[in-house]
Amino acid sequence: MINTLLVANRGEIARRVFATCRTLGVTSVAVHSDADADAPFVAEADRAVRLPGNTPAETYLRIDLILDAARRSGADAVHPGYGFLAENAEFAAAVTDAGLTWVGPPAKAIAAMGDKMAAKALLADAGVPMLPTWTDPAQVTDFPVLVKAAAGGGGRGMRIVRDAAGLAEAVAGARREAASAFGDGTVFIERYVERGRHVEVQIFGDTHGTVVALGVRDCSIQRRHQKIVEEAPGVLPDGVRERLHEAAVAAGRAVDYIGAGTVEFLLAPDGQVHFLEMNTRLQVEHPVTEATTGLDLVRLQLLVAEGEPLPVPATPPAEGHAIEVRLCAEEPAEGFRPATGTLHRFVIPGVVAEFGPARGLRLDSGVVDGSTVSVHYDSMLAKLVAWAPTRAEAARALAGALARAELHGVATNRDLLVRVLRSPEFTAADVDTGFLDRHPEVFAPLLPAEQLPVAALAAALAGAAARRAAAPVLAGLPSGWRNVPAVPQVTRFTDIEISYRLSRTGALAEWERRGPRLTDSVEEGAPLNNELPVVELVSAAPDRVVLDVDGVRRAFRVHRVGSSVFVDGPDGAASLTELPRLPPPTVELAAGSLLAPLPGAVTRVHVEVGQRVAAGDLLLTLEAMKLEHQVLAPAAGVVAELPVPPGGQVETGAVLAVVDPEEDPQ
């Protein structure tokens, strides 16, 4: 029997496993890097052991350190979570050899499925359908293809290639990214199916020879080959579900599978099913299966690891529908690159449960108010799951909760998720892996540009209310009152300026927006009253402003942290930065300077000083948060400076390169 369980992982999956440990009376042990010392998962564990360092290579990928932590903490079992060492056969064997209980499949099964090429050959012999696959790029003649990492998952190392010209660079880039994420740069090439759907089967096996399928999930909504929306049960054509269950169980039996696993397939438009890979671990999206089956999959993992028979002899019927979204720290305005910083507020309304099967809204989060999003790890903040009797109800409830959430301090993909869930195509279950490519409209922010001035006005009024409340004397005077009442108050934010005047009674007498026009260009600083709605001030407090906008009353929640102001309204959220009245001097950068968008390491420099480049040419590659980021020339010119050599570490805002722009010959 397992008494003390060490979770060799971090974030929300560690918290998820700890939740089941508390239910079962199992003592929990966390391991953590220095960067994670104050993380919620560390605080929730019964015991915690420090792994000196910050990067995964220094900490969570060190088998020796994790085994030493198990010894020092008195753990008698290890759960790998997902990612890091979860699908590392060497780790599984080392845990077993140390006399500890391994909560996962045998090392032999992990090794068999970890070598994806060998896995394809093995499962093809078991009758599982396959796509054409190559290991030698020179043998590929049929395009498009998908370059994939042979180890790991999560979309790391994947590249779509549509012609032979781009294959070599795609293979090289995939190898670098896979080596960084999994410690193994081996890749292979697979036929790419246009308009395919990514579907997968949750399987479970025990030590008594039982292997069952627990239903099908659809994970087709993906960005950069990473899932962002998952649902169960998948909406499938007649007969496909049964074929998927049969193929997945055959895959599990072929390797004598034990524990939780996922067999992933590609469903082609013609209804054909093709094996993609088998993940020998618990998946990120397991909550939707728990919601529709009522099973606690972590509990089943622990029972099976203890040698108990699986208490699920056959595929259980699905009840209702569940949809999960992955809420990530990302900059929408910067191509959804990973974002870092402090999460000042993290509030999602309507949550009925965390880290366990639930009917309603469930939150599995690795963060809380005040958490720091580090550059060292994945950008996922949380998973939000909605269960309802029908798919339409689940999508509506999930979108509504996300839209009302207060997510302050770090940019996220929230607006994208809401628009996907509310799109007509998603409502009709018309989804595939190319969904986002075909629907650029879902990338628009929830708050329309023409409504930003009203949100900025609310922020300005809340700021005035806060200053009035903090005033040591004459706090009862209306905000901005002076002997010359015609003079307006002005609040300047980045990209927008609000001017307003209150009457002697405190009512909003007039207001205007100054700054660049939302559509056509006008002289900067010119008033733009013709674009503004009629607004009346109902009430203003430091944290809440109520306005009557064109006859419709609207409430805005306002949260200020230093110069940052976060406004949550009925039509979307705005993040504003208030500018000081007397801005401090700044360092002037050389023209053509390209700055690091986030901390990371320069992995490759593709040009030399003095080289002439065209707009869009690749200058260098920056690696951060497990992903490669290409730094491109913004315009034609000559490379004047390359201050950071390959391998160099940089902070946000560091100069990566300087390109002297070519003068216009005209």
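Colleague: In what order do the four strands of the open sheet stand, and is the pairing parallel or antiparallel?

Modeller: Please bear in mind that this is a predicted model. In general, strands of a sheet pair through backbone hydrogen bonds, in either a parallel or an antiparallel manner. Here the four strands follow the order S6-S9-S7-S8, with antiparallel pairing, and the sheet is open.

Colleague: Which strands stand at the edges of this sheet?

Modeller: The edges are taken by strand S6 (133-134) and strand S8 (159-161). Each has a single partner strand, so one side of each is left without a neighbour in the sheet.

Colleague: Over how many bridges do S7 and S9 pair?

Modeller: Strand S7 (residues 145-149) and strand S9 (residues 187-191) are joined over five bridges in the antiparallel sense.

Colleague: Which strands does helix H6 lie across?

Modeller: Helix H6 (residues 116-125) lies across S6, S7 and S9. Relative to S9, H6 runs at about 45°.

Colleague: Let us turn to helix packing. At what angle do H11 and H12 pack, and how far apart are their axes?

Modeller: Helix H11 (residues 391-404) packs with helix H12 (residues 414-422) at an angle of about 155°, and the two axes are 9 Å apart. That angle makes H11 roughly antiparallel to H12, because angles over 145 degrees are counted in that way. H11 passes H12 in a left-handed crossing.

Colleague: Which residues meet where H11 and H12 are in contact?

Modeller: From H11 come Ala395, Leu398, Ala399, Gly400, Leu402 and Ala403, and these meet Arg414, Leu417, Val418, Leu421 and Arg422 in H12. By class, this contact of H11 with H12 comprises eight nonpolar, one polar and two charged residues.

Colleague: How many of the nine residues of H12 are buried?

Modeller: Seven of the nine are buried, and H12 is thus mostly covered. The buried residues in H12 are Arg414, Asp415, Leu416, Leu417, Val418, Val420 and Leu421.

Colleague: Is Arg223 buried or exposed?

Modeller: Arg223, whose place is in strand S11 (residues 211-223), has a relative accessible area of 9% and is therefore buried, the cut-off being under 20%. Leaving aside neighbours within four places in sequence, Arg223 is in contact with Ile228, Glu330, Phe336, Asn413, Leu416 and Leu436. Among these contacts, Leu416 is one of the buried residues of H12.

Colleague: What is the phi of Asp256?

Modeller: Asp256 is not a glycine, yet its phi is positive, at about 50°. Asp256 is placed in the loop between H8 and strand S13 (259-267). With 59% relative accessibility, Asp256 counts as exposed.

Methods: Residues numbered from 1 in each chain as written. Predicted model: local features only at pLDDT ≥ 70, side-chain atom pairs only at ≥ 80, totals over all residues. Heavy atoms only, no water. Axes fitted to C-alpha atoms, helices over the stretch in contact; angles between N-to-C directions. Helix = DSSP H or I, 4+ residues; strand = E, 2+ residues; numbered from the N terminus. Parallel < 35°, antiparallel > 145°, perpendicular 65-115°, else oblique. Left-handed = near helix turned anticlockwise from the far one by under 90°. Contact = heavy atoms within 4.5 Å. Nonpolar A, V, L, I, M, F, W, Y, C, P; charged D, E, K, R; others polar. Pairing = 2+ DSSP bridges. Buried < 20%, exposed > 50% of the residue type's maximum accessible area, 1.4 Å probe, protein only.
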